[in-house]
Amino acid sequence: MKTMLTGLVLLLLVSACAGGTKRSDSSPSDHNAADVEFLQQMIPHHEQALEMTEIAGRSKATVVIELADRIEAGQQPEIERMRGWLDDWDVDERAAAEHGSDRHDDMAGDGMMTRAQMDELESMGDGSAFTSSWIAMMTEHHEGAIAMARTELAEGSNPAAKKLAREIIATQQREIDEMSATGVSR
């Protein structure tokens with residue numbers, strides 16, 4: 001009886017551990033081209049936001065530093081989740097047309113900053129001009145993410161990707177409102 005009980009406990013532990021390793025909450029068959037495009041575009045979009053959070057410490061505005069910390073804490077796990085879905089769907093993370101190109105410049109227009117804009121921000125000092133530029137760029141960046149998320153809601157079919165799109169809209173709109181409330185001009 002003790003051996004059977006030990007075996008049952010071991011089986012339950014193995015089952016619990018295996019369940020905990022699942023990377024995604026979607027299956028390979030429940031997505032369409034719009035879901036794939038959303039993830040392939042949102043991953044580098046989030047990566048650029050993380051690049052912007054790395055230099056936010058130059059701002060003397062506590063609200064910017066705290067916001068950057070929250071953006072990093074929220075978007076890094078989302079990147080990993082999206083990569084997991086693409087992997088589960090057996091889809092390359094990068095869109096075929098973007099191989100070998102500068103993704104910053106390719107995606108400009110959906111809130112992505114160009115390489116030149118990022119270089120300019122990185123070359124600024126730590127004063128109010130940096131803070132104003134960072135807020136303006138992050139606001140534009142978030143507005144682009146919200147537009148992409150709305151497209152996913154309209155055209156996507158994957159329930160998990162659509163749920164993420166709703167979360168992105170809610171979170172990034174709150175952050176836009178917070179940046180607007182700083183009184184720093186765009």
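Guide: Let us begin with exposure. A residue is buried under 20% relative accessible area, exposed over 50%, and partly exposed in between. Glu-47, at 32% relative accessibility, therefore counts as partly exposed. Please keep in mind that this is a predicted model.

Visitor: How much of the protein is buried, as a percentage of its 186 residues?

Guide: Buried residues account for 39% of the 186 residues. The accessible surface comes to about 9700 Å², and carbon and sulfur atoms hold 55% of that area.

Visitor: How many helices and how many strands does the protein have?

Guide: There are seven helices and zero strands. Read from the N terminus, the order of elements is α-α-α-α-α-α-α.

Visitor: What share of the contacts between residues at least 6 apart in sequence joins residues at least 24 apart?

Guide: A contact means that heavy atoms lie within 4.5 Å. Among contacts in the protein between residues at least 6 apart, 78% join residues at least 24 apart.

Visitor: Let us turn to charged pairs. How many salt bridges does a search of the whole structure find?

Guide: The criterion is a side-chain nitrogen of Lys or Arg within 4 Å of a carboxyl oxygen of Asp or Glu. A search of the whole structure finds nine such salt bridges. One of these joins Arg-83 to Glu-47, with the closest N and O atoms 2.4 Å apart. This pair links distant parts of the chain, since Arg-83 is in helix α3 and Glu-47 in helix α2, 36 residues apart. Arg-83 has a relative accessibility of 27%, so this residue counts as partly exposed.

Visitor: Which residue in the loop between α3 and α4 is paired with Arg-83?

Guide: Glu-93 forms a salt bridge with Arg-83, and the closest N and O atoms are 2.8 Å apart. Because Glu-93 lies in the loop between α3 and α4 and Arg-83 in helix α3, the pair ties together parts that are ten residues apart in sequence. Glu-93 is partly exposed as well, at 23% relative accessibility. Through salt bridges that share partners, Glu-47, Glu-80, Arg-83 and Glu-93 are joined into one network.

Visitor: Which side chain meets that of Arg-81 in a salt bridge?

Guide: The partner is Glu-167, at an N to O distance of 3.5 Å. Glu-167 is partly exposed, with a relative accessible area of 28%, and Arg-81 is partly exposed at 25%.

Visitor: Which residues form a negative surface patch?

Guide: For a patch, one takes residues with over 30% relative accessible area and no salt bridge, and joins like charges within 9 Å. Here Glu-54, Glu-66, Asp-69 and Glu-72 form a negative surface patch. Helix α3 (residues 62-88) gives the most to it, with three residues. Glu-54 lies in helix α2 (residues 33-55). At 67% relative accessibility, Glu-54 counts as exposed.

Visitor: Lastly, consider the backbone. Where is Asp-90 placed, and what is its phi?

Guide: Asp-90 is in the loop between α3 and α4 (103-106). Its phi is near 60 degrees, a positive value in a residue other than glycine.

Visitor: Is Asp-90 buried or exposed?

Guide: The cut-off for exposed is over 50%. Asp-90 has a relative accessibility of 71%, so this residue counts as exposed.

Note on methods. Residues numbered from 1 in each chain as written. Predicted model: local features only at pLDDT ≥ 70, side-chain atom pairs only at ≥ 80, totals over all residues. Heavy atoms only, no water. Patch = residues over 30% accessible without salt bridge, like charges linked within 9 Å, V, L, I, M, F, W, Y side chains within 5 Å. Areas by Shrake-Rupley, 256 points an atom, 1.4 Å probe, with all protein chains shown as cover. Lys, Arg positive; Asp, Glu negative; His and termini not counted. Charge placed at Lys NZ, Arg CZ, Asp CG, Glu CD. Helix = DSSP H or I, 4+ residues; strand = E, 2+ residues; numbered from the N terminus. Buried < 20%, exposed > 50% of the residue type's maximum accessible area, 1.4 Å probe, protein only.
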